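I opened the notebook to record what I looked up in this structure, taking one element at a time.

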Amino acid sequence: SGYSSGVEIQKELVARIKAIARDHALRRSDTAAPPAATSSSSGVAAPQAPPVTASREIPDYQVGQFNLIVIGSSTGGPPRLETILAGVPTNLNTPIVIAQHMPLVFTKTMAQRLDEICPLSVHHIEDNMMVDSGHVYIAPGGQHTHLRKVGLAKWRFEVSDEPKDHVYKPSVDALFTSAVDVAGKKVLGMVLTGIGEDGLRGGRRFKEVGASLVAQTPETCVVYGMPKAVTTANLIDASLTPEDMARALQRLVPAADQHAA
């Protein structure tokens, strides 16, 4: 199921290292010279459309606003996840589910590491595992994780190879889409550093139902791919640093109870 051999894991790591190198090279070239203006049909240089910018202010989220928090992450994500989860309030009742692009052996290790630094219990997801309030869940590498309803405000995880057309495993799009299916607009999504556009399709579903989405700021990303995709598509409430994402979660518990570990 996905990454079944050391060779495949090695290929994945090499691909990520090359992507990071390309990203740094692009950043150097971006600072070396301004972008060239594009020519219009009349031959006159046409100004480029300004990049879509998002607020850097933490949205005014309220206690009880969300029943579920989902986070999508890829290259460079684990240290950012550590920052966010270390700042989670000890009495946050909302479950957090994380899809990090990573082979199975590494998602297991990451779950153990995050469990050591997060004030909430962190679990590596297994198929049919029930979702409990106030717990953090890590999607296993090599397959996709979906949330399924099993009753009123009761959910379980379904881990499978579907959909097969989603290249990254676990797919952020698959997690985000299923999160909207079970919790509607009472979902808060976070898109962290990573290659590509995984999370864009799910982000569009967020927008359709009025769910909330934030993305990581460009300067704090190892690769500004996934956050850029949802930002430029105007799908997010704000562009936040990992530290401010943690502060956003602190707003979800009563002010008197905001005790982070």
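This is a predicted model: local features need pLDDT of at least 70, side-chain atom pairs count only at pLDDT 80 or more; totals for chains, interfaces and linings use all residues.

I then checked the length: at 1.5 Å a residue, the 12 residues of helix 4 (residues 172-183) should span 16 Å, and the end C-alpha atoms are 16 Å apart, which agrees. Since 10 of these 12 residues are buried, helix 4 is largely enclosed by the rest of the structure; among the buried ones I listed Asp173, Phe176, Ser178 and Val182.

Next I turned to the nonpolar cores. In the largest, which has 32 residues, I found that Ile96 and Leu249 touch the most other members. Strand 4 (96-100) and helix 7 (242-250) are among the elements that each supply at least two residues of this core. Leaving aside neighbours within four places in sequence, Ile96 is in contact with residues including Ile69, Leu85, Val136 and Leu249. I also recorded a second, separate core of 31 residues, which includes Leu147, Val172, Ala179 and Val230.

Last, I looked at Thr220, in the loop between strand 10 (212-216) and helix 6 (226-232). The side chain of Thr220 makes a polar contact of 2.8 Å with that of Thr217, and, beyond neighbours within four places in sequence, Thr220 is in contact with Arg80, Thr241 and Pro242.

Key. Residues are numbered from 1 along each chain as its sequence is written. Side-chain values use heavy atoms; hydrogens and water are left out. A nonpolar core is a set of buried Ala, Val, Leu, Ile, Met, Phe, Trp, Tyr and Cys residues joined through side-chain atoms within 4.5 Å. Buried means under 20% relative accessible area, exposed over 50%, partly exposed in between (1.4 Å probe, protein chains only). Helices (H or I, at least four residues) and strands (E, at least two) are DSSP runs, numbered from the N terminus. Contact means heavy atoms within 4.5 Å. The expected span of a helix is 1.5 Å times one less than its number of residues. A polar contact is a pair of N or O atoms within 3.5 Å; within protein, one must be able to donate a hydrogen and the other to accept it, and residues adjacent in sequence count only if both atoms are side-chain atoms.
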